[in-house]
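Good morning, and thank you for joining this group meeting. Please keep the sequence and the structure in view while I speak.

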Amino acid sequence: MNFIEELTWRGMIHDITPGTEEQLQKEMTSAYVGIDPTADSLHIGHLVSVMMLKHFQLAGHKPIALVGGATGMIGDPSGKSAERNLLDEQTLRHNEACLKKQLAKFLDFESTDGNAAELVNNYDWMKDFGFLEFIRDIGKHITVNYMMAKDSVKKRLGDEAKTGLSFTEFTYQLVQGADFLHLYREKNCRLQMGGSDQWGNITTGTELIRRKEGGEAFALTCPLITKADGGKFGKTEAGNVWLDSKLTTPYKFYQFWLNVSDADAEKYIKIFTLLNKEEVAMLVKEQEVASHLRPLQNRLAREITCMVHGEEQYDKAVEASQILFGKATTENLEELDRETFLSVFEGVPTYEVTRTKFKSGVPIIELLATETATFSSKGELRRTIKGNGLSLNKAKVNDQDYLVTEKDLINGTYLLVQKGKKNYTIIEAV
C-alpha cells in the first residue's frame, strides 16, 4: 500500500514537505503523532491522527504514539484562546496507561515484522532537561523571528486576541521540536504527523533536526475535520464524544455516527474506517439511490463502533435503537443495562415515585394521573386505554384496573410509559 496515495484519496492530506513520499517508498520509516494526555480517554477528535498512524502501520511502516506528558504541563497555543490547566505526574501516568489500552484497538504493539507500534511519553526525557541546557542546546538554534512567523503565535498576538501569549506557550514549539529531535536521534524517527494547526510546531522540529544534526526530517498534516453545516466536529450538546464507554455509552457513540449528515457521512467513512475505495464508491451509489435508508451512515456507525467497542456492544446499540424507532418488547427493554436504558431515553420526562407504592401495588390510573403528571386527568388516561393507546414497558395495557407492582420495574427501577407511538415518560422508583 502506498501510504501517501491512500491518504490522498481519503482526503487526509493538508500539507506535506517535499520528499516525504520518496522517503516512505525508499525504506521502512518511523513516524509519530502527539496525543494530548489531559484526560484518561481519547475522544473522537483524536481519531483522525490515530487513523493516520493505523494506515501508516498497514503500509509497513512503524508508528509511534507520543503522549505529551511534558507538553501537557505547558499547553499548546495552536487554535486555543487560553492556556490549559497543568497536570501533575501521577495524573499524567494514569492517563498514559488508559490511552495505551485504547490505542491498542487501532495499533499493533506486538507486531513481529519490525514495525510494532510504540508508546512514548516526552516527560521521560524532558523531566531532567535543565533550563540552561535547554536554551543552550535547543533555543540558540531557532531565532525569535522564525518563532514569531508561525500562525499559531501570530493569532495569539494579533489585534483580535483577547489574551496575550505567555512565555511558556511561546516556547511550546521549541519543546515539540526537541521531541522530534529526540525521536530522530533515539528511534530514527523521520516523520511527524498531526492536524493542520500543528504545521508550525512540526516544521520547527524539522528545522531543528536540519540545523543540529544536518539531517532530513519530514512533516505531514491532515485537514482539521469540520461538519458540513459549519459546526464543530465531535461535539454534542453534552460535550465531547469519548471512546471510554463510561464517559460516552456505546449506544450514544453509535448514535453520533448514525446521525451525521449525508455530506459528512461520505467524508467521514473515508477517514474513520478501513473500507477501500471500491467499497466506499458502492456505498455512495447506494446513498444516491436510496438516501432514506442511510447506507453510508449505517456502515460508518457499524465500522467505527465495532472498532472501538467490539461487535457485541455494536449489536446491543442497534437493538437499543430499535426500541425507540422500531418494534420492541418488554424482554428487549429488560436486556438493556442501566446506562444504555438512560441513554436511549435521555431527555424523556421523568417522575419519581416512592418504591413502597410498588411493593403493595398501585392502580395504573392513580400512578399516571395522580402520583405523576403523565396524564393531565384520569378521564384522558381512561380514554387512551380504551383506544388501545397506552403501553407499559412496550406492552399494551387494556385493563383500567391494572395494578403496577415491583415486578413491572425494568432493572428493578424504571417504568417506561408510552402514549401513542412517540410520547414517552419514565417513572423511577426511589
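This is a predicted model: local features need pLDDT of at least 70, side-chain atom pairs count only at pLDDT 80 or more; totals for chains, interfaces and linings use all residues.

Residues are numbered from 1 along each chain as its sequence is written, and side-chain values use heavy atoms, with hydrogens and water left out.

Let us begin with the interior. In soluble globular proteins, nonpolar side chains tend to be buried together. A nonpolar core here is a set of buried Ala, Val, Leu, Ile, Met, Phe, Trp, Tyr and Cys residues joined through side-chain atoms within 4.5 Å. Buried means under 20% relative accessible area, exposed means over 50%, and partly exposed lies in between, using a 1.4 Å probe and protein chains only. The largest nonpolar core has 60 residues, and those with the most contacts inside it include Phe 3, Met 193 and Trp 257. Helix 3, residues 47-58, gives the most to this core, with 7 residues. Helices (H or I, at least four residues) and strands (E, at least two) are DSSP runs, numbered from the N terminus.

Which residues does Met 193 touch, leaving aside its neighbours within four places in sequence? Among them are Phe 3, Met 52, Phe 56, Ile 202 and Leu 220. Contact means heavy atoms within 4.5 Å.

Ile 202 leads us to helix 11, where it is one of the buried residues. Helix 11, residues 199-213, has 15 residues and reaches 21 Å from its first C-alpha to its last, close to the 21 Å expected at 1.5 Å a residue. The expected span is 1.5 Å times one less than the number of residues. The buried residues of helix 11 pack against helix 7, helix 8, helix 10, strand 5 and strand 6. Just after helix 11, Gly 214 takes a positive phi of about 65 degrees.

I turn now to the charged side chains. How many salt bridges does the structure hold? There are 17, a salt bridge being a side-chain nitrogen of Lys or Arg within 4 Å of a carboxyl oxygen of Asp or Glu.

In one of these, Arg 93 pairs with Asp 124, and their closest N and O atoms are 2.6 Å apart. Arg 93 lies in helix 4 and Asp 124 in helix 5, so this pair ties together parts that are 31 residues apart in sequence. Arg 93 counts as partly exposed at 29% relative accessibility, and Asp 124 does so at 38%.

Glu 380 and Lys 419 also meet in a salt bridge, at 3.5 Å from N to O.

Phe 131, Leu 132, Ile 135 and Phe 167 make a nonpolar patch of about 470 Å². Patches are made of residues with over 30% relative accessible area and no salt bridge; like charges are joined within 9 Å, and nonpolar side chains (Val, Leu, Ile, Met, Phe, Trp, Tyr) within 5 Å. Accessible areas come from the Shrake-Rupley method with a 1.4 Å probe, and for residues only the protein chains shown count as cover. Helix 6 gives the most to the patch, with 3 residues. Phe 167 belongs to helix 9 and counts as exposed because its relative accessibility is 57%.
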